[in-house]
Amino acid sequence: MRLWLLEALVAFVFLLGGSLLVSEWVGGSDWSWVPDWFARDPWLLPVAVVVVTLPFLAAEPFVRYSVHRWELAGDVVYARSGFLTREWVFVPVSRIQTVDKGQGWFERMLGLATLEIRTASHAGSSAIKGLDHRVAAALAEQLAHRAEELRDDAT
Amino acid sequence: MTTPRPPHDPSPEDVPGTAPAPGGAPPGHGAGPPGYGSGPPARVPLRLSPKVLLIDPVRMLPSLLLPLLGVLFVGGFSARSYGWAALGVVGTVVFAVVRWATFTYEIFGDRLETKRSLISRSVRTIPLERIRGVDVSTPPLHRLLGLAVLKIDTGASGGDEEAGLDGVTLAEAERLKAVLLRRTDGAARPVPGAVAAEAGRPVERPIIRVPRRWLLYGPLSGAYLLTPFALAGGAVGLAFQWGDDLGFGQDTAWYVGEWLWEHPYLLLAVAVLLVLAMPVLGGVMYAVFNWDFVLKRRDGYLVAERGLINRRSVSLESARVRGYEIVDGLVERWAGVVRVWAIVTGLGDSQTRGQLLPDVPRPVAAQVTAEAVGPYRAALRRHPPVARNRRLFRAVFPWAVTALAAAAGVWASGTMLWWILLVVSLLLAAAGIPLGLDRYASLGHGYDGARMAVRSGSLRRSQAVIERRAVVGWRLRQTWFQRRAGVLTLIAGVGAGKGGYDAIDVSQAQAATFPAEVTPEWLTPFLRPPADNPPAGEVPGARS
């Protein structure tokens, strides 16, 4: 969860910085199409950005964490994720083609990893984010072995 | 730079390549075609037909023409400039000859090797078992000379990755096709030598020969409708380009443009003419491309042949066909005709290659697909009524918003432009109502025990029918709005065609039962709380 908090924070900082820049730029220029009230108070834009995104910033990591699930049962991997748009993915182990384990910057910092499960179809592929890296390694191993055993070449 | 073999004295080993044995040297199984030696001692690389030399320079001519003309104009038609021009032409021919001489291909053991050693040497090896289809086409010039272009589909990612033999004789193309496709097949099912002799002409069974009068359905398909505009645009572009080169510069062009602008009726007439030409020319193009469409089955391959000028034959391995997609537009539905594409794993350029049928009446299409791939025999299930509201909302809402904005504009400024925008968006919003209803009507999904089907779309309605075993996973998606409405989008992941086929706005119960029905063994572990609302949670999963 700290991963999402961190990512959300970074995105937030970027957005804030971007809006500050824009307001600076637009406020400094005197273009005719800029409404008067905005030219007078260019600081409104960053404030608006903060007001709009703060609830999301606060809520998103928690919602994501509570939605996020994965399970391996009966040779089917099931993963759930999402914030505003939710996704459920069912991938039978027999159709898995590759299993990748990756660690991003932040994930490295927190000792986490992302497991990417690929099949022949993009719609049947999924990524499980923010696993403990030992769990991820073990799961990747297990899936790869099992996929090998169950391999059927229908695709 | 490697020095190519002098092209003018063909060494004896060239002969077998240039003159394929009469009767197309029946390919023996396993040992390769006799005389063409797949054993190490007798490796005989083959060349493309020398007749391709007649085509290559002609094909290069257009790109060469302008520089040549330029040389002539600049040089002022002196003997010297003629000399340069002639040199250019000779250079082209020599280049073509060298290219021909340095390109060889051979079938060696269980692979096909193509070698190109013009400046840099490149060898491409294709294991025969990886070949998924062979695409033979004969552009007009090739046809004149009895040649064909062979493209080999290996499931690699299209473009340069695909091997092509540009310019083999028709007989050789047939032979190669038979050999290449037989090998992929033969590994599983060895053909006895006695049969192999006959197998030079493999068993063909036509599935359908589309009658010519059905070409009249062509304009309905909406394909190629923009040809007149493309032609006109091309002509204008060419005029500009050539005009520059030939000396009457842009001023003239601008002058012409202005003159046209001052005669708006002329412009209007041209526009009307173009619009009128749309169905006619579109129909003509359609007929040219789909002339004498034949679909047949040959040795585990589906072969589709079509085209008037550029006759094209595409072979699809039946074992890789996972299903088909039935497509009909608005007008086509009214006329009761459909087009069909195959859903094939690892087929590059599937838009053009995968076509199984051009516009044919629906019952015929059903019959043909049932014979060629497999029937789909269940009715489609409707999606919940709330899906209709969503379709309607999505068809009407954007235009309604635009209309509102335009109304605000009218109120604020009252300019003509806002009025036009208002009327147009109101019309579109009104058109959205039947459109939304129709979109809802075409939503559906179903399963008949062997194949599943999903259908959606209105202006281009498409129904995908997919084999059960081709499904590699399920994905459910629910946006925030869908969650409010209690519907989901169910995506069947398929390792073929588009990759995923959507059933849009199914109810939660349907989203749970449908995958469980198609692939019961995967979903049952997750259906502990029976069917009421399984996707929405209740899965005791490990937390991350």
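In chain A, 45% of the contacts between residues at least 6 apart in sequence join residues at least 24 apart, a contact being a pair of residues whose C-beta atoms, placed from the backbone, lie within 7 Å. In chain B the corresponding share, again among contacts between residues at least 6 apart in sequence, is 59%. The structure is a predicted model, in which local features need pLDDT of at least 70 and side-chain atom pairs count only at pLDDT 80 or more, while totals for chains, interfaces and linings use all residues. Residues are numbered from 1 along each chain as its sequence is written, and chains are lettered from A, with ligands numbered from 1, in the order in which they are written.

Confidence comes next. The predictor gives the complex an ipTM of 0.74 and a pTM of 0.68. The mean pLDDT (the predictor's confidence in each residue, from 0 to 100) is 72 for chain A, where 63% of the residues score at least 70, and 73 for chain B, where 73% of the residues reach 70 or more. Within chain A, confidence is lowest in helix α1 (residues 2-28), at a mean of 63, and highest in strand β3 (residues 86-92), at 83. In chain B, pLDDT stays under 50 over residues 184-201, for which the model has 25 contacts beyond four places in sequence, and also over residues 528-544, for which the model has 29 such contacts. Where pLDDT is low, the predicted coordinates should not be read in detail.

Chain A has five helices and six strands, helices (H or I, at least four residues) and strands (E, at least two) being DSSP runs numbered from the N terminus. From the N terminus on, the elements of chain A follow the order α-α-α-β-β-β-β-α-β-β-α. Of the 155 residues in chain A, 27% are buried, a residue being buried if 20 or more other C-beta atoms lie within 10 Å of its own, exposed if 12 or fewer, and partly exposed in between, with C-beta atoms placed from the backbone.

Chain B contains 17 helices and 20 strands, and 33% of its 544 residues count as buried. Not counting residues up to four places away in sequence, Leu490(B) touches Trp474(B), Leu476(B), Ala503(B), Val506(B), Ala511(B) and Phe514(B).

Two helices of chain B, α13 (residues 385-412) and α14 (residues 416-442), pack at an angle of about 175 degrees with their axes 8 Å apart; axes are lines fitted to C-alpha atoms, for helices over the stretch in contact, and angles run from 0 to 180 degrees between N-to-C directions. α13(B) is therefore roughly antiparallel to α14(B), since angles under 35 degrees count as roughly parallel, over 145 as roughly antiparallel, 65 to 115 as roughly perpendicular and the rest as oblique.

Finally, Lys51(B) lies in the loop between β1 (46-47) and α2 (52-75) of chain B. Because Lys51(B) has 17 C-beta neighbours inside 10 Å, this residue counts as partly exposed. Leaving aside neighbours within four places in sequence, Lys51(B) is in contact with Leu145(B) and Leu147(B), and its C-alpha atom is separated by 7.7 Å from that of Gly167(B), 116 residues apart along the chain.

Terms used:
Two residues are in contact if their C-beta atoms, placed from the backbone, lie within 7 Å.
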